[in-house]
Amino acid sequence: MIAQQWSKVSQELRQELGESSFKSWIEPLELVGVENGIAQLRAPSRFVGDWVKRNYHDMIVARLRADHTDLAQLEFSVNPGRERRTPPKPATQTTEAGAILESAPLEGRYTFDNFVVGKPNELAHAAAKRVAEGGPVTFNPLFLYGGVGLGKTHLMHAIAWDLNQARPDLQVLYLSAEQFMYRFVQALRDRQIMDFKNLFRSVDVLMVDDVQFIAGKESTQEEFFHTFNALVDQNKQIIISADRAPGEIKDLEDRITSRMQCGLVVDLHPTDYELRLGILHRKAASFADTLGPVRVGDGVFEFLAHRITNNVRVLEGALQRLFAFSNLIGQEITLDMVQDCLSDLLRSSDRRVTVEEIQRKVSEHFNIRLSDMLGPKRARNIARPRQIAMYLAKELTSRSLPEIGRRFGGRDHTTILYGVRKVEEMRGTDSQLAEDVDLLRRLLQS
Ligand code: ADP
Ligand code: MG
């Protein structure tokens with residue numbers, strides 16, 4: 001009886017709403033009973049229930065009144081089992097509005113427990129931890145940025161894992177900016193743009209990874225901006241990552257940049273030796289858990305931490321290769337084995353930055369002439385970039401101070417030392433300078 005009533009009503013709704021909305025929202029519902037003016041409906045998830053309540057409540061009530069004249073209200077219960085029984089649809093056929101909102105899958109390893117904290121990432125880690133508690137929104141958005149392989153995606157997944165645990169009531173959506181664009185374009189194509197807008201505005205926590213991707217993509221940016229504003233206005237948490245600071249993303253509209261800067265912008269710095277060593281020890285323990293115990297000879301971790309400096313992913317891959325190899329031949333990992341096994345990696349990290357390259361990049365960055373950098377001018381706008389170049393030359397090359405001095409137009413090594421110290425000191429107090437230095441370092445090492 002009830003089932004028949006519902007099937008009649010849902011067919012009417014199908015006519016009224018069209019096929020795709022019907023499939024997303026009405027078809028998954030089940031009418032369980034009507035009593036005391038309340039109709040009980042079962043939805044596959046809280047989210048679908050809320051959505052239907054918000055958008056179709058009156059429409060459904062009006063139709064059910066044909067059989068239940070006193071009906072005033074709908075109530076939804078959740079029956080997740082039903083959702084699981086629906087077979088998953090291939091990605092190419094996700095024309096249903098509901099599919100727009102699926103979170104990208106989370107990597108099981110990317111948890112806070114597996115994240116090694118050190119000086120270069122402690123701020124980003126602390127901010128991520130705070131957001132992961134799911135308490136009141138204190139900074140919005142959280143903007144995480146840093147070079148490739150420094151743990152941005154790892155931290156975002158960790159936030160999502162924790163939120164799912166601590167606040168299962170929240171609708172948390174994680175996706176890359178590329179997926180955001182893809183779904184947007186698909187919604188345009190399928191004429192579901194209203195669904196797209198409403199869906200994105202209904203999440204509680206939105207995380208968009210690698211947002212630099214949408215730079216220069218105008219309509220996607222526009223849509224992103226509106227979604228972003230709508231969520232911020234509702235005080236919903238947004239977390240964004242990019243490979244550089246908001247202001248440095250070319251072709252990103254100013255209004256977006258400035259909105260992003262309103263929250264908390266934190267930087268994942270390039271790893272330092274201690275952090276790399278910590279990560280190696282941690283990964284070795286987890287590889288040992290899965291691959292079985294492997295002996296690691298003296299100096300191996302230290303050697304790797306010294307030599308593979310660009311990117312944690314590469315470091316991880318190197319260690320994994322060593323473990324697999326050692327496991328295969330049943331011998332401990334020695335420095336000789338490292339040389340053999342990783343010769344390709346070590347060769348490429350042998351590519352040393354030259355002092356000349358540093359001078360060129362720094363001049364370009366500060367818009368001064370290379371000849372001025374090497375010449376005698378002492379005006380601040382020339383002298384400061386020169387000191388930064390000296391500092392980077394000391395940091396990134398193995399040249400001695402006198403050698404560096406010779407390459408800076410024959411300056412004395414004490415001048416170089418002074419410049420290096422000056423920049424070291426200013427990095428702590430002048431955040432603009434610190435950012436410039438980090439950016440240049442990243443450019444030079446990539
Ligand atoms: P990004 O998104 O910044 O490019 P990822 O988050 O994908 O970098 O990290 C690259 C790899 O390095 C991942 O496997 C990640 O687990 C690992 N990784 C990065 N930083 C850390 C860290 N601090 N502790 C443990 N693993 C890390
Ligand atoms: Mg990433």
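Tutor: Helices (H or I, at least four residues) and strands (E, at least two) are DSSP runs, and both are numbered from the N terminus. Read in this way, Thr111 belongs to the loop between helix 4 (80-85) and helix 5. Two conventions should be kept in mind: this is a predicted model, in which local features need pLDDT of at least 70 and side-chain atom pairs count only at pLDDT 80 or more, while totals for chains, interfaces and linings use all residues. Residues are numbered from 1 along each chain as its sequence is written, chains are lettered from A and ligands numbered from 1 in the order in which they are written, and side-chain values use heavy atoms, with hydrogens and water left out.

Student: Which residues does Thr111 touch, apart from its neighbours within four places in sequence?

Tutor: Contact means heavy atoms within 4.5 Å. With those sequence neighbours set aside, Thr111 is in contact with His154, Ala158 and Trp161.

Student: How is the protein divided into domains?

Tutor: Domain bounds come from an automatic or database domain assignment. Here that gives domain 1 (2-78), domain 2 (99-267), domain 3 (273-351) and domain 4 (355-445). The centres of domain 2 and domain 3, taken over C-alpha atoms, are separated by 32 Å, and the contact between them takes 12 residues from domain 2 and 10 residues from domain 3.

Student: Which residues come nearest to ligand 1?

Tutor: A residue is near a molecule if one of its heavy atoms lies within 4 Å of it. There are 19 residues around ligand 1, and Gly149, Lys152, Thr153, His154 and Arg313 come nearest. The shell draws at least three residues from each of domain 2 and domain 3.

Student: How should I read the polar atoms in that shell, and what lies 2.7 Å or 2.8 Å from the oxygen atoms of ligand 1?

Tutor: A polar contact is a pair of N or O atoms within 3.5 Å; within protein, one must be able to donate a hydrogen and the other to accept it, and residues adjacent in sequence count only if both atoms are side-chain atoms. In this model a polar backbone atom of Gly149 is 2.7 Å from an oxygen atom of ligand 1, an N or O atom in the side chain of Thr153 is 2.8 Å from an oxygen atom of the ligand, and a polar side-chain atom of Arg313 lies 2.7 Å from an oxygen atom of ligand 1. On its own, ligand 1 has 560 Å² of accessible area, of which the protein covers 96%. Helix 6 (152-166), helix 11 (273-291) and helix 13 (312-329) are the elements that give two or more residues to the shell.

Student: Is Asn229 buried or exposed?

Tutor: Buried means under 20% relative accessible area, exposed over 50%, and partly exposed in between (1.4 Å probe, protein chains only). Asn229 is buried because its relative accessible area is 14%. Asn229 sits in helix 9 (residues 218-233), and its side chain is joined to that of Arg259 by a polar contact of 2.6 Å. Ser363, in helix 16, is likewise buried, with a value of 4%.

Student: Where do backbone angles need a second look, as at Asp210 and Asn367?

Tutor: Asp210 is not a glycine, yet its phi is positive, at about 55°. Asp210 lies in the loop between strand 6 (205-209) and helix 9, and at 29% relative accessibility it counts as partly exposed. Asn367, also not a glycine, has a positive phi of about 60°; Asn367 is found in the loop between helix 16 (355-366) and helix 17 (370-374) and is exposed, with a relative accessible area of 71%.

Student: What joins Asn140 and Pro141?

Tutor: The peptide bond between Asn140 and Pro141 is cis, with omega about 0°, and Pro141 is found in the loop between helix 5 (122-132) and strand 4 (142-146).

How values were computed: Areas by Shrake-Rupley, 256 points an atom, 1.4 Å probe, with all protein chains shown as cover.
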